[in-house]
Amino acid sequence: MQFVNQNSTTIVEYTQNHFELVLTAVLISLLLWVPSGILLTKSDKWARRALAIANIIFCIPSLSLFAVFVTIPFLGLGRQSALLALVLYAMMPLMRNVYDGVKNVDRNVLEAAKGMGMSTGRIMREIRLPLGMPVIFAGFRITVVMTTGIAAIATYIGERNLGRFISEGLVRSNTNMIITGAILISVIAVGLDTFLGLVEKRVVPRGLRVRR
Amino acid sequence: MIELKGVTKLYQGQAVPAVQNLSLSINRGEICVFVGPSGCGKSTTLRMINRMIEPSSGTIEIDGKNIMSSDPDSLRMGIGYVIQQIGLLPHRTIAENIAIVPRLYKWPKEKIKSRVNELLEMMGLDPAETRNKYPSQLSGGQMQRVGVARAMAVDPSIMLMDEPFGAVDPVARNRLQDEFLRLQKEINKTIVFVTHDINEAIKMGDKIAILNQGQLIQFGTPEEILTDPANDFVENFIGYDRIVKKLNLYTVAEAMKTSFGLVDEAEFSGINAKIPNAEVIFVRDQGEQLVGYLTAEDLSAQGAQRLTQVARQKRLSFVKLNTPLPDALSLMLENDADYVAVLDGDRLCGAI
Ligand SMILES: Nc1ncnc2c1ncn2[C@@H]1O[C@H](COP(=O)(O)OP(=O)(O)OP(=O)(O)O)[C@@H](O)[C@H]1O
Ligand SMILES: [Mg+2]
């Protein structure tokens, strides 16, 4: 507690930075991976390729990925490298879930919809997206939580965020520092996930929730 | 009118076409049933009519217009389509499901609402209770009805139905069939109906097309097919009880005798009772209730005095004009009767 009181300005600053990084990364990921997940349903060949790439990126340890980007001249230490890495990590959970959710809608529903004369675009908007929403949203939640966690590691490439408490705490053997960082990161991750859980309830269509 | 001309469909990677050089025409207001064993190409043929599948060769015309010349979405909007798995949108209420095609046509809200209510009522569902439910809250039979209602929403002149009653139990299926036939009398649509159940085909069809391995084996009315099966395949497909099935095509009205006698019991007491000369004579009491009947043989064998007794001893049963003939016959067997009385409402109108 004493640690928290003494360093309140730093904590606020780090927390702010952390949020900023996470939000920017998630936002870019959404703009990028949701449309591409939808587009991939048009071509099995491209879907296979893109999902394979996403998978490979996902398997690279985050510290290595950050390190590699730092060596690339125009990225360098700091924000750009961190953002790029986070966005690339999000490709796997986000794009894959959007693709799966939109692709795996009950064939009979699609057959009936098409047979009634609904256009492909309309079927996407009115049927595929709403029916895929539970899967898409699950991917979104994983992305947010994961990004919060990995963002902490970006402290090693110069991000001044909550991860710094942990890395510096380790160097200085300052237990209070480590615990503060760890707890704050966890609280943010759990908090965001809970919040999104509430949002999900409003976004997932009612008909999918009612049971007899 | 729907006309298929030399239609063939060869799916990719298939050695034998799913549908082969199929030609037939379906008249306006008729129910044409495609029937045949699994995989014979019934669904494929049906789905070519609304361009869910495109034929490899041959043409399909609706009212003289090649369907390939119209936009597929607008073609489908104008054709009702019901599938076995129904395919209701699980995230939409029943009312919203039925409103899909009217919305595609941009009908005003009020018109859609009243049409939905009308359709629900027509299908025997309570609008107030059903409108706002979700598909998962309905029974199989109810969903099936909603599927049919949805296909009829904009009153299309053509309906394609792929095993529409396939997913419900036999009792519910029978009810749905009866209701649908009754409805069809009013709405008079051109219907293409797919089933693999020959009994359903005989019951529902004005015309039946029997398919096997992608080929049209026989096309005709149920009566023609039952009377004169084109080959062994058809004969086997119909089954050994062809004759019984044929009886199913008839109702009592078509088989009854309209010449019969009717006397009052009281007349027997007269010594020279005026007994009509008919094969069967029904006897009624003072209250004008039918109490029994006499056959011509009874008349010659018995004295007039005993006729009342004889007549009353026989168990008299009644059937209605629209009772299927086999039902009337089994009733006769059950009661060990030579004749049953046919009623049109309350009025005696014939004998079997
Ligand atoms: N999309 C497809 N691609 C390849 N082959 C197909 C496809 N759809 C159907 N077939 C094949 O075409 C043949 C006819 O299929 P179809 O669905 O028309 O049969 P059906 O008469 O409706 O059978 P069922 O009573 O089982 O529904 C079958 O051999 C089937 O395997
Ligand atoms: Mg089929």
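**Exercise 1.** What is the mean pLDDT of chain A?

*Solution.* Start with the ground rules: this is a predicted model, where local features need pLDDT of at least 70, side-chain atom pairs count only at pLDDT 80 or more, and totals for chains, interfaces and linings use all residues. Residues are numbered from 1 along each chain as its sequence is written, chains are lettered from A and ligands numbered from 1 in the order in which they are written, and side-chain values use heavy atoms, leaving out hydrogens and water.

Now the score itself: pLDDT is the predictor's confidence in each residue, from 0 to 100. For chain A the mean is 90, with 98% of residues at 70 or more. Next, go element by element: helix α1 (residues 2-6) of chain A has the lowest confidence, at a mean of 81, while helix α6 (residues 107-115) of chain A has the highest, at 95.

**Exercise 2.** How many helices and strands does chain A have?

*Solution.* Count DSSP runs from the N terminus, taking H or I runs of at least four residues as helices and E runs of at least two as strands. Chain A comes out with nine helices and zero strands. Its C-alpha atoms fill a box of roughly 65 × 45 × 20 Å along the principal axes.

**Exercise 3.** Which side chains have an N or O atom by an oxygen atom of ligand 1?

*Solution.* First, list the shell (residues with a heavy atom within 4 Å): among them are Y11(B), Q14(B), G41(B) and E163(B). Then look for polar contacts, meaning pairs of N or O atoms within 3.5 Å. T44(B) has one at 2.5 Å, S43(B) one at 2.6 Å and K42(B) one at 2.8 Å. Last, check the cover: taken alone, ligand 1 exposes 640 Å², and the protein buries 57% of that (Shrake-Rupley method, 1.4 Å probe).

**Exercise 4.** Which element gives the most to the lining of the largest cavity?

*Solution.* A cavity is a set of points on a 1 Å grid over the protein atoms alone where a 1.4 Å probe fits but cannot get out, and lining residues have an atom within 4 Å of a point. Searching the whole structure turns up one of 30 Å³ or more, with a volume of about 60 Å³ (the space filled by probe spheres set on the points). Its lining includes G115(A) and M116(A), along with R76(B) and Y81(B). Finally, tally by element: β6(B) gives the most, with three residues.

Definitions and conventions: A polar contact is a pair of N or O atoms within 3.5 Å; within protein, one must be able to donate a hydrogen and the other to accept it, and residues adjacent in sequence count only if both atoms are side-chain atoms. On a 1 Å grid over the protein atoms alone, a cavity is a set of points where a 1.4 Å probe fits but cannot get out, and a pocket is an open set with protein on both sides within 12 Å along at least five of seven lines; lining residues have an atom within 4 Å of a point.
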